[in-house]
Structure formats: structure tokens, C-alpha cells
Amino acid sequence: MRTQLRVLAVVSLFLFAAGTVAAQQMPAKKDLTPQQQRMSTCNSQASGKVGDERKAFMSSCLKGEQPAKSSPQERMKSCNADASAKGLKGDERKSFMSSCLKH
């Protein structure tokens, strides 16, 4: 009986230690840097563009240059893509969309 308890205790400690090591090795989810967010947003906005048109768009977008006034439909698409890229949901998304659509 004592031998069984000792074996059980040793096995339990081993499993606990293995679980602790595994948990420490799992990478934490990192937030995107502002540059990575901008790249993601510009990339989603550039969908459908190819070749030189895409290169020109990406260059100006990454520099933060605003294109000429866009239609409400284009603004909605752009703001929606930005909100999705940032992973916004609920009230945060509503607030972001409202602010984005005003510009």
C-alpha cells in the first residue's frame, strides 16, 4: 500500500512538473505593432488591385496618405476592414465605426 502511494505521488509530481513546463513554453498571444496593424489594414483595402496599381496604393497607404474623398460605400468597406483587423467587437466596434465613418 505504501509503495503504491509513493508511486502515485511520484507520478503526480512528474505530471505536475511536465504541465508547468509545457505551460511556460506556450507563446503568449502578442498584440500587433502599429506598423503591423497598418500593413494588415492596407493589405485588406488593396484586395482586387494588382500590379503597379497595388504597389502605388500600398505605398501611399503605408505612408498614411489619404486618397481623394471616397464614397460612403468605400469608407464603410475600409472602416469595416480596419475594425475586423483590430478584432473589435460590440460597443468598441460601434464606437470605432462611428468615428471612422465621420472622416
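A nonpolar core here is a set of buried Ala, Val, Leu, Ile, Met, Phe, Trp, Tyr and Cys residues joined through side-chain atoms within 4.5 Å. Buried means under 20% relative accessible area, with a 1.4 Å probe and protein chains only.

Some ground rules. This model is predicted, so local features need pLDDT of at least 70, side-chain atom pairs count only at pLDDT 80 or more, and totals for chains, interfaces and linings use all residues. Residues are numbered from 1 along each chain as its sequence is written, and side-chain values use heavy atoms, leaving out hydrogens and water.

Now the cores. Six residues form the largest one: C79, A83, L88, F96, M97 and C100. The largest share, three residues, is from α5.

Look at A83. Leaving aside neighbours within four places in sequence, A83 is in contact (heavy atoms within 4.5 Å) with L88, R93, F96 and M97. Another core lies apart, with five residues, including C42, A46, M58 and C61.

Next, helix packing. How do α2 and α4 cross? The axes of α2 (residues 34–45) and α4 come within 9 Å and cross at roughly 140°. Axes are lines fitted to C-alpha atoms over the stretch in contact, with angles from 0 to 180 degrees between N-to-C directions. The two helices are therefore oblique to each other. Oblique is what remains after under 35 degrees (roughly parallel), over 145 (roughly antiparallel) and 65 to 115 (roughly perpendicular).

Who meets whom? S40, T41, S44 and Q45 in α2 meet S78, A81, D82 and A85 in α4.

Note on methods. Buried means under 20% relative accessible area, exposed over 50%, partly exposed in between (1.4 Å probe, protein chains only). Helices (H or I, at least four residues) and strands (E, at least two) are DSSP runs, numbered from the N terminus.
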